[in-house]
Amino acid sequence: MTSRAADFLKDRIDFSPVQAWVAQRKIPQHKHSFWYYFGGLALFVLTIQIITGIMLAFYYSPTPVKANESVRYIMEKVHYGWLIRSIHFWGANFLIAVVLVHMFSTYFTKAYRKPREIMWVLGVIILALILTSAFTGYLLPWTTLSYFATKIGTSMPLYVPFVGHFISRLMVGGADVGAATLTRMFTLHTIVLPILWLTIIAIHVFLSQVLGLSTPLSQRSTRDETKLFPNFMMRQAAVWSGALAVLISFVALFPEGLAAKVNPVLPAPAGIKPEWYFLFVFQTLRTFPDVIGLGGITLGAIIWMLVPFLDRKASNGEKSTFFTLFGVAIIVYLVTMTVMAYITTEVH
Amino acid sequence: MFALVLDAAADSLASAIPSFTDRFNFALPLIVVLLIVMFFLLIKVYALENQPHDRLVKKSQTRKRTGP
Amino acid sequence: MIAAYIVYPVLRFFTPPAVALGEVDKVFVTTLDKMGLNTAKFFKFLDKPAVLVHLPDGKYTSLSAKCTHMGCTVAFQSKDDNFICECHGSIFNIDGKVLKGPATRPLPVYYVDIEGNKIYVTVKKQLA
């Protein structure tokens, strides 16, 4: 740290308050500390997504004529194009998985309780934005599957009373999914959503540093803690390193291919299914009448977001078994629907 | 006819992704290095926290935490 | 007031201009000789997928092929003379009526106009 550049900066800017603040930052240590690493891991995977996403944007072209061809060009002609695109594909899957683990660990340790209600609400919004990023990015290769996934996603708002048609039309940008939809999804995926989630994540992370990390109610008697820097950060970096090794393994074992360009006139092919993180929505739509299914998911998401304000017991430092059971019920529903979607063969 | 053209395109893509061996020749060194870095960091932090003097994990009486 | 001046034009900007339907309410689909008995042809009509079916009894019918549930394009099943949406499993009969959910509303039916060898599909019945 005695390099010339560091000295140059130190001479001009006083870093001592920052250094003092970092030096005194502590992370609670107990048997559930393991879950603390998932927030930082999500940030790491998100960074990979931003870098690979920008790289792909150098070659991608968001028009129905060129979209699939430009992705094909990335895969076939661009040096390491298959690698960058596969990392972006697997990174998206990892990111959603990590964010889900982060959310459910926060939920079951009741870390959302006072004073961290806002962090929880922002976290749920971040999950929604990340899923929207996955949805909007899905159309970009312009394949049959991505085309029909977008048709379904843009049809769902039609069941919203009063403003549904307007919202759907806003998403599609025309009578049906086409060129206008592709530019809309591209703009959302590459500009609008990143600005939104980066802003909200910045507030979320800022609050996590101001408020410190929550200790689960069951672990309040433990007084152990570790320094944020260097101890916690070294372990966090170890987690990042291991996670990147796993990500690269997935990329090498299962590189993402590219399906054929969609012919928008032809029917949806048999056995069409969304990605794993949307299977519960898919199965809900097949199992329940439209308004009940979509209304139920929307209502569930709103209640989920407001849990810190409903769970008064946890805020008072008491056990709240009801909300633990509610969380278990949500997981059981998500897993059941996902498994059903996997095992049900086509109904003809 | 249209389907045939698409199939041909799919075939060319399959050949565009490097073979399993090539992918692993590329990825394996990176994976090994990442795992070494991971274990290096874990060992380092373990050593740091288990020094007999100046333990960095302490039963702290003076801890300052803003949250419950 | 100022907020309205900002919000309204922005919202209007993002709302795509409506398509003038008057000029495209009739479309040429194919010719009689290309439609075998009990076959279907998919085409774009009013910017949406549509289907023309040559029924086993020799008649022609045309419907919107956009599933009324979530908007996927339905497939024609010649063995049962019905339409299936592979996305969520809805089935419609040849008149567009729902045989099996989750869809609840029928597929809109169009009119078929045969002029010589040419088959047209229209929104309104033509006065021949």
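Modeller: What follows takes chain C first, then its contacts, and then the rest of the assembly.

This is a predicted model, and the predictor gives the complex an ipTM of 0.83 and a pTM of 0.88. For chain C the mean pLDDT is 85, with 92% of its residues at 70 or more. Within chain C, the element with the lowest mean pLDDT is strand β1 (residues 26-31), at 82, while β7(C) has the highest, at 93.

The strands come next. Strand β2 (residues 39-45) of chain C pairs with strand β3 (residues 48-54) of chain C in the antiparallel sense, and seven bridges join them. Within this pairing, Lys44(C) is placed opposite Pro49(C) of β3(C). The hairpin formed by β2(C) and β3(C) has two residues between its strands, and Leu46(C) adopts a positive phi near 55° there.

Chain C also holds an open sheet of four strands, in the order β5-β6-β7-β8, with antiparallel pairing. The edges are taken by β5 (75-77) and β8 (98-100) of chain C; each has a single partner strand, so one side of each is left without a neighbour in the sheet. From one strand to the next, the twist averages 35°. At one end of this order, strand β7 (residues 91-93) of chain C runs antiparallel to β8(C) and is joined to it by two bridges. Phe92(C) has Val98(C) in β8(C) as its bridge partner. Strands of a sheet pair through backbone hydrogen bonds, in either a parallel or an antiparallel sense.

As for neighbours, chain C meets chain A: 26 residues of chain C are in contact with 24 residues of chain A. On the chain A side, α7 (144-155), α8 (164-172) and α11 (279-287) each supply at least two of the residues that touch chain C. Of the elements of chain A, α7(A) gives the most to this side, with four residues. By type, the residues of chain A on that side divide into 15 nonpolar, four polar and five charged.

Chain B is another matter, since no contact joins chain B and chain C; their closest C-alpha atoms lie 15 Å apart. Two pairs of chains are in contact, and of these, chains A and B share the most contacts.

The largest nonpolar core has 108 residues, and Val51(C) is listed with Leu41(A), Val45(A) and Leu95(A) as having the most contacts inside it. Helix α5 (residues 81-108) of chain A gives the most to this core, with 14 residues. Leaving out residues up to four places away in sequence, Leu41(A) touches Val98(A), Val239(A), Trp240(A) and Ala243(A). In soluble globular proteins, nonpolar side chains tend to be buried together.

For reference, chain B has two helices and one strand, which run α-α-β from the N terminus on. Of its 68 residues, 7% count as buried. The mean pLDDT of chain B is 71, and 53% of its residues reach 70 or more.

Notes. Residues numbered from 1 in each chain as written. Chains lettered and ligands numbered in written order. Predicted model: local features only at pLDDT ≥ 70, side-chain atom pairs only at ≥ 80, totals over all residues. Contact = placed C-beta atoms within 7 Å. Nonpolar A, V, L, I, M, F, W, Y, C, P; charged D, E, K, R; others polar. Pairing = 2+ DSSP bridges. Buried ≥ 20, exposed ≤ 12 C-beta atoms within 10 Å, placed from the backbone. Axes fitted to C-alpha atoms, helices over the stretch in contact; angles between N-to-C directions. Core = buried A, V, L, I, M, F, W, Y, C linked by C-beta atoms within 7 Å. pLDDT = per-residue confidence, 0-100.
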